[in-house]
Each structure stands twice: as structure tokens, then as C-alpha cells.
Amino acid sequence: MTTITTLHPKTIEIVKSTVPVLEKHGEQITKRFYELMFSNHPELLNVFNHANQKQGRQQRALAAAVYAAARYIDQLDAILPVVRQIGHKHRSLGIQPEQYPIVGKHLLLAIKDVLGDAATDEVIAAWAEAYEAIAAVFIQVEKELYEEAAAKHGGWRGFRRFVVTKKVKESDIITSFYFEPEDGDAISDYLPGQYVSVKLDIPGETYTHIRQYSLSDAPGKGYYRISVKREAATAEKPAGIVSNYLHDHIHEGDVVELSAPAGDFTLDLTHETPVVLISGGVGVTPLLSMANTLAIRQPNRPVTFLQAALNGRVQAFDEELRALAKRPSFAYHLCYESPSEDDRRHPHFGKEGRIDLAWMKTVIPTRDADFYFCGPVPFMKTVYRALAEWGVPEERIHYEFFGPAGDLTKD
Ligand SMILES: Cc1cc2nc3c(=O)[nH]c(=O)nc-3n(C[C@H](O)[C@H](O)[C@H](O)COP(=O)(O)OP(=O)(O)OC[C@H]3O[C@@H](n4cnc5c(N)ncnc54)[C@H](O)[C@@H]3O)c2cc1C
Ligand code: HEM
């Protein structure tokens with residue numbers, strides 16, 4: 001049961017009436033907020049993703065969440081599902097209750113800085129109260145998530161040391177890492193679709209780096225497997241820090257720290273409806289975990305797996321998917337953006353170019369199914385809009401972002 005603080009009606013009125021003003025200055029406020037917070041608390045740079053900061057992605061995610069919460073300040077229970085989703089991410093990162101006042105203090109300082117005289121004492125006091133109420137909901141939800149993760153058989157709190165027992169190249173750009181705990185004890189089960197956070201101390205880097213990676217195999221096999229795409233440098237952007245370090249410097253026998261599996265993008269194994277799994281690029285990882293789990297737990301449930309990739313050289317897990325497709329209940333269809341001649345001869349090759357509704361309709365036997373998808377944001381927008389246009393109800397559509405969550409309905 002989540003207890004929610006009741007605020008004074010005047011506070012509610014002030015907060016609700018100032019949401020549009022803050023929204024207007026949203027990114028400016030959160031940009032200032034991060035500047036202030038990181039200069040006073042540089043240790044927080046150990047948990048925040050620096051690339052997300054530079055690209056403003058986290059600014060947008062946090063701003064959107066605070067304003068969404070403020071809109072519902074008199075009925076905070078309405079935002080509990082969103083809080084749970086963010087809470088999974090926070091729990092996976094190890095965010096602690098005592099860090100909430102730090103965020104609150106710097107958010108208020110930033111509001112004052114950006115709004116100047118418009119931020120009267122009354123407005124600031126109302127937002128301070130509102131933030132405390134919102135933070136209390138997050139803290140409670142996260143407390144439950146920490147307790148759940150630790151209470152599971154083989155579960156744990158915080159980060160735990162894991163040895164890389166196997167490293168396997170899956171394609172030109174994707175490599176899998178198999179982890180087993182250094183302490184030799186049990187590891188907790190997870191739901192297919194969940195992810196772990198990997199924490200690395202990289203020589204030469206001032207701060208630790210934490211990234212999330214979906215578990216790419218079925219649970220219950222005694223190891224965790226992640227599969228990582230190398231984010232290479234291009235003319236416009238530097239090389240990704242963690243993915244390149246994992247590819248180049250983490251070998252069999254090395255140790256990394258992992259937090260316990262988290263996330264609410266999970267396959268519902270209580271349903272019997274057909275399942276459609278649609279992957280773009282490295283977004284295949286959580287969907288392959290689902291496919292492998294279905295093969296074990298619900299072998300007769302109909303599954304259609306659509307995999308979109310640039311071409312056969314960068315595509316991962318073809319062998320695993322071909323093996324799954326030997327069963328009559330499993331259909332595997334490939335969409336290559338720029339296939340080679342060899343790729344066109346692949347027995348499961350179905351479409352050249354980008355995925356679209358016309359092709360989806362030809363290979364998905366029914367829209368009366370549960371749809372799960374993951375991939376780059378433009379791919380996800382295409383798939384989401386295609387499913388909506390086809391008339392698939394919202395509650396049948398499930399997806400995961402490999403970064404801060406966004407809005408698939410907006411361009
Ligand atoms: C729930 C979840 C599950 C995930 N699962 C997987 C998975 O299964 N497999 C997988 O490979 N990834 C997965 N990811 C993504 C993963 O967490 C990392 O984001 C990814 O590996 C990149 O991390 P990095 O440290 O290599 O890159 P970072 O250093 O974090 O950089 C990220 C990107 O930003 C660019 N960048 C950095 N600095 C700048 C700048 N100043 N200007 C412009 N661009 C810049 C980099 O070039 C890079 O492309 C998942 C993410 C989430 C949230
Ligand atoms: C009520 C207060 C807070 C709100 C509304 C909030 C909101 C969010 C949101 C929306 C995300 C993105 C989730 C996603 O991946 O989709 C996020 C991620 C994150 N949050 Fe919070 N948060 C709050 C408090 C905190 C605190 C106290 C900390 C720790 C100091 C923190 C640290 C992080 C980190 C490290 C991430 C991962 C994002 C990244 O590194 O890019 N948050 N939060």
C-alpha cells in the first residue's frame with residue numbers, strides 16, 4: 001500500500017497553476033538544475049549517464065516526469081504505474097532515499113534562478129511541499145522494489161560481483177557476455193524482458209559508469225547473458241564509453257558488478273494469446289529472452305518473430321532464431337534495410353527496406369495478439385503507429401526504450 005501525503009488546497013492550486021510556466025522553461029530549468037547539482041555534488045556523476053546529459057535526453061525525461069506528477073498532485077495514485085517504471089530504473093541504479101532532498105533542493109534553486117521574480121516565496125514553498133510529496137511516493141515504491149529484489153532466492157541489494165564465464169561474438173557489432181556470480185551462490189530468476197545494470201570502473205575515467213543491458217537469454221540457466229552493440233565513433237559523435245570498453249577490454253575471467261534484474265517490460269506468461277515480437281537492431285535482446293522463455297514454458301503458444309536489421313553482417317542471433325523456427329508454433333521473418341545478395345537468399349528473408357504496416361500485415365497472422373517491440377526510436381515510432389493504425393488496442397502494445405523513455409506518438 002502506498003501512502004500519499006495530502007497537501008493544502010492552496011498549495012495544490014499554486015502548483016497546478018504554475019505547471020505551464022515551468023513547462024515553458026522546462027529544459028532551461030532542468031539544465032540549470034543539473035549544473036547546480038553536479039557542481040555541489042560531483043559524486044552524483046558516478047550514477048548519471050554523461051552522454052544522456054550532453055544530449056539533453058535525461059533533462060527532458062526528468063522534466064516531463066516532475067511536471068506530469070505536479071499535474072496530478074491532488075491524485076498522485078494516478079501516476080503510480082509511471083513511478084513504478086521509473087522506480088525500476090532507479091532501483092537498478094541504486095538510487096537512495098537520502099538523494100531525493102538533494103535533487104529537490106537543486107530543482108528549487110534552478111526554478112528560482114530561471115524564473116527570477118516570478119518565483120515568489122509562496123510559489124517556491126508550494127513547490128517544495130509538492131516535491132516532497134512526489135519524492136515520498138518514489139521512495140516508497142523503490143523501497144518495495146529493493147525489498148522484492150533482495151528477498152528473492154538468489155537475490156541481492158545493490159551491486160554484486162560477477163565473473164565473465166563466456167564472451168561470444170554474435171555479429172560484426174554485437175557481442176554476448178555470460179556472467180556467473182563470483183561468490184558461487186545462487187542468482188535470482190527474472191522475467192523475460194528485464195535488464196541488469198552493469199557498473200564499471202574504467203581506467204582513466206574519473207567516475208564510475210553504469211549502463212543497463214537487457215538479459216538476452218531465458219531465465220533459469222545459472223547465468224545471466226547480455227548482448228552489447230558496439231557504439232562506434234562517427235564524424236558527429238564520440239565512441240560510446242561502456243559498450244566499447246566491454247567489447248575491447250572485458251574478457252573471460254574478468255569481473256564486473258551487476259545489480260539485480262529489473263524492469264517492467266516483461267512477457268505475460270499467464271496469457272495464451274499469440275505473441276508477436278518485433279525487433280530493430282540490438283533491440284532484439286529482450287525479445288530473444290522472451291522467445292527462448294516461450295519455447296520452454298509455453299511451447300505451443302504461437303509466436304511470430306520479426307527481426308529488422310541493416311544486413312546479415314550486423315544481425316545477431318540468426319542461428320538461435322532459426323533453431324526456434326524449426327517448431328511449427330514459431331514463425332521467423334527478416335527485414336533487411338540493405339541486404340547483400342546472400343542476405344536475399346536467407347530462407348527467412350521477407351522484406352527489403354524498412355519495416356512497414358503493409359509487410360507486417362502479410363506476415364503477422366492476426367492482430368488479436370500481444371505485441372512486444374524494441375529498437376531504435378524511429379523504428380519504434382514506425383511500429384507503434386503501424387499497430388495503432390491496424391487497430392491493435394493500447395493494452396496489447398508493449399515496448400522498451402534503450403534510453404530514457406520518450407513519447408512514441410510525437411515526432
Ligand atoms: C532498459 C535498457 C536496456 C538496454 N539493453 C541493451 C542491450 O541489450 N544491448 C545494448 O547494446 N544496449 C542496451 N541498452 C543501451 C545501453 O544501456 C547503453 O546506452 C549503450 O550500450 C551505449 O552506452 P555507451 O556507454 O557505449 O555509450 P555512451 O557513452 O553512453 O554514449 C551513448 C551515445 O551517445 C553518443 N554521445 C556521447 N557523447 C556525445 C556527445 N557529446 N554528443 C553527441 N553524442 C554523444 C555516443 O556516441 C553514443 O552513441 C539498453 C538501455 C536500456 C535503458
Ligand atoms: C521525484 C524525483 C525524481 C523524478 C521525478 C525522477 C525522474 C526520472 C526519470 C523520468 C528518469 C528516466 C527513466 C527512464 O529511463 O525512462 C530518471 C532516471 C534517472 N534518475 Fe531520476 N527522478 C527523480 C529522482 C532521482 C534522484 C533522487 C536521483 C539520484 C540522485 C535520480 C537519478 C536518476 C538517474 C541516475 C537516472 C538514469 C538516467 C541517466 O543516467 O541518464 N533520480 N529519473
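Isoleucine 226 touches Thr175, Ser176, Phe177, Phe179, Val196, Val198, Tyr213, Ser214, Leu215 and Ser216, leaving aside residues up to four places away in sequence; contact means heavy atoms within 4.5 Å. The model is predicted, so local features need pLDDT of at least 70 and side-chain atom pairs count only at pLDDT 80 or more, while totals for chains, interfaces and linings use all residues. Residues are numbered from 1 along each chain as its sequence is written, and side-chain values use heavy atoms, with hydrogens and water left out.

Isoleucine 226 lies in strand S5 (residues 224–229). Its C-alpha atom is separated by 9.8 Å from that of lysine 167, 59 residues apart along the chain. Strands (E, at least two residues) and helices (H or I, at least four) are DSSP runs, numbered from the N terminus.

Two residues are compared below by burial, where buried means under 20% relative accessible area, exposed over 50%, and partly exposed in between (1.4 Å probe, protein chains only).

| Residue | Relative accessible area | Class |
|---|---|---|
| Isoleucine 226 | 0% | buried |
| Phenylalanine 317 | 4% | buried |

Phenylalanine 317 sits in the loop between strand S8 (303–309) and helix H10 (318–324). Phenylalanine 317 has a positive phi of about 70 degrees, although this residue is not a glycine.

How values were computed: Chains are lettered from A and ligands numbered from 1 in the order in which they are written.
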